[in-house]
Amino acid sequence: MAELKYIPGFGNECASEDPRCPGALPEGQNNPQVCPYNLYAEQLSGSAFTCPRSTNKRSWLYRILPSVCHKPFESIDQGHVTHNWDEVDPDPNQLRWKPFEIPKASQKKVDFVSGLHTLCGAGDIRSNNGLAIHIFLCNTSMGNRCFYNSDGDFLIVPQKGKLLIYTEFGKMLVQPNEICVIQRGMRFSIDVFEENRGYILEVYGVHFELPDLGPIGANGLANPRDFLIPVAWYEDRQVPGGYTVINKYQGKLFAAKQNVSPFNVVAWHGNYTPYKYNLENFMVINSVAFDHADPSIFTVLTAKSVRPGVAVADFVIFPPRWGVADKTFRPPYYHRNCMSEFMGLIKGHYEAKQGEFLPGGGSLHSSMTPHGPDADCFEKASKAKLAPERIADGTMAFMFESSLSMAVTKWGLKSSSCLDENYYKCWEPLKSHFTPESRKPAGPN
Ligand SMILES: [Fe+2]
């Protein structure tokens, strides 16, 4: 496969034409009486028409046939996709999952859509407020099937296997340690090359933004230029009665047939596009004297709520970096948080848990549920010599953090059979080191 081209930048106004059709974008207007090459003009709106300019999102697509050329949508099997947050009783415990099992292609062919499994979530799709966390487990390309989500944006974190994603805006290759965002309404189809696993953060009714940097300044964390947008690519492919468009609408799956590939956009312009980002490009900021900065310094993208400073969901990573803090317990501290924290591991070993938190698994620490380093980590880190050290080399852990209190699905708690019933035991060996007779810490401090 020839190397794919991308447009760098985040949230910019872009314009792209498939090089086979130069001049496909109309000049000076969006909607000429007849478009160049006799294409159809179609606007895709990602925000209310009247949103302030800073949050207004739309793109114009110039395509061989408009998206409306399809048979009626009909309800299909929901598989493990749900937005029912009352399937099982709430569970405030610390939860940890072993790696989610990928079905073998020789036993059952599963594509990206049939391999979607909702793990947890909260909020209400119809009022555009909330989120869901899904696990995808698949082994087969989507072929003549595409998907679009009427409910929200997908932030996709592949953990095993690369994804070749066809979108209406062009093609993206997304490998583990990269992420991509496919925003509401955008049609896409995924080719896979092996057994694949990954995580999806879905946010309803809002879009991901780069976090404000405050006193950090104009640069740092995820830099805008490192985000990559596909370039226009089309296929004029007839599939008589045989192309299936799958739509997630109000949490349910529907399918419609059409006669052509939906990837028939010859040119587009606008600021509402899919994009990808390589996590290696994250510019890490950390404590260089003592104590910890809060983990918000590791935020890659945020989906804001209407409350200032409060996110529907943040996407946060824990990348390789130096640990240099003096007189400090360096692993993540013990805490209880009003936010809900789902963590996943793309590769390597997370520094606070040496045990059963494995790539392709996950953990959920819900609102105000206490958590922190396991006993072994506490003992070692309390006695460690505080020389500068590399942390998390070869590792990429991440967190989906939400201000909403998430419910876990029946699949998450039961039918996935991946819940680790022994998680709580990692803290059981923690013992009191209290020395009332002396203020002096017993450790090397
Ligand atoms: Fe935490």
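Reader: What makes strand 4 and strand 19 a pair, and how many bridges join them?

Author: In this predicted model, 5 bridges join strand 4 (residues 58–63) to strand 19 (residues 265–270). Two strands pair if there are at least two bridges between them, so 5 bridges meet that cut-off. The two strands run antiparallel. Within strand 19, Ala267 stands opposite Tyr62.

Reader: How many bridges join strand 3 to strand 4?

Author: There are 6 bridges, and these strands also run antiparallel. With at least two bridges needed, strand 3 and strand 4 therefore count as a pair. Ala41 has Tyr62 in strand 4 as its bridge partner.

Reader: Why are strand 2 and strand 3 called edge strands?

Author: The open sheet has 4 strands in the order 2-19-4-3, with antiparallel pairing. Strand 2 (14–17) and strand 3 (40–45) each pair on one side only. From one strand to the next, the twist averages 20°.

Reader: What makes Leu155 stand out in the largest nonpolar core?

Author: That core has 103 residues, and Leu155 and Phe398 touch the most other members. The core draws at least three residues from each of domain 1 (6–279) and domain 2 (284–372 + 389–421).

Reader: Which residues does Leu155 touch, and what makes them contacts?

Author: Leaving out residues up to four places away in sequence, Leu155 touches Ile179, Val181, Ile200, Leu201, Phe208, Leu301 and Phe315. The cut-off for contact is C-beta atoms within 7 Å, so each of these residues meets it with Leu155.

Reader: Why might nonpolar side chains be buried together?

Author: In soluble globular proteins, that is how they tend to be found.

Key: Residues numbered from 1 in each chain as written. Predicted model: local features only at pLDDT ≥ 70, side-chain atom pairs only at ≥ 80, totals over all residues. Axes fitted to C-alpha atoms, helices over the stretch in contact; angles between N-to-C directions. Core = buried A, V, L, I, M, F, W, Y, C linked by C-beta atoms within 7 Å. Buried ≥ 20, exposed ≤ 12 C-beta atoms within 10 Å, placed from the backbone. Domains from an automatic or database assignment. Contact = placed C-beta atoms within 7 Å.
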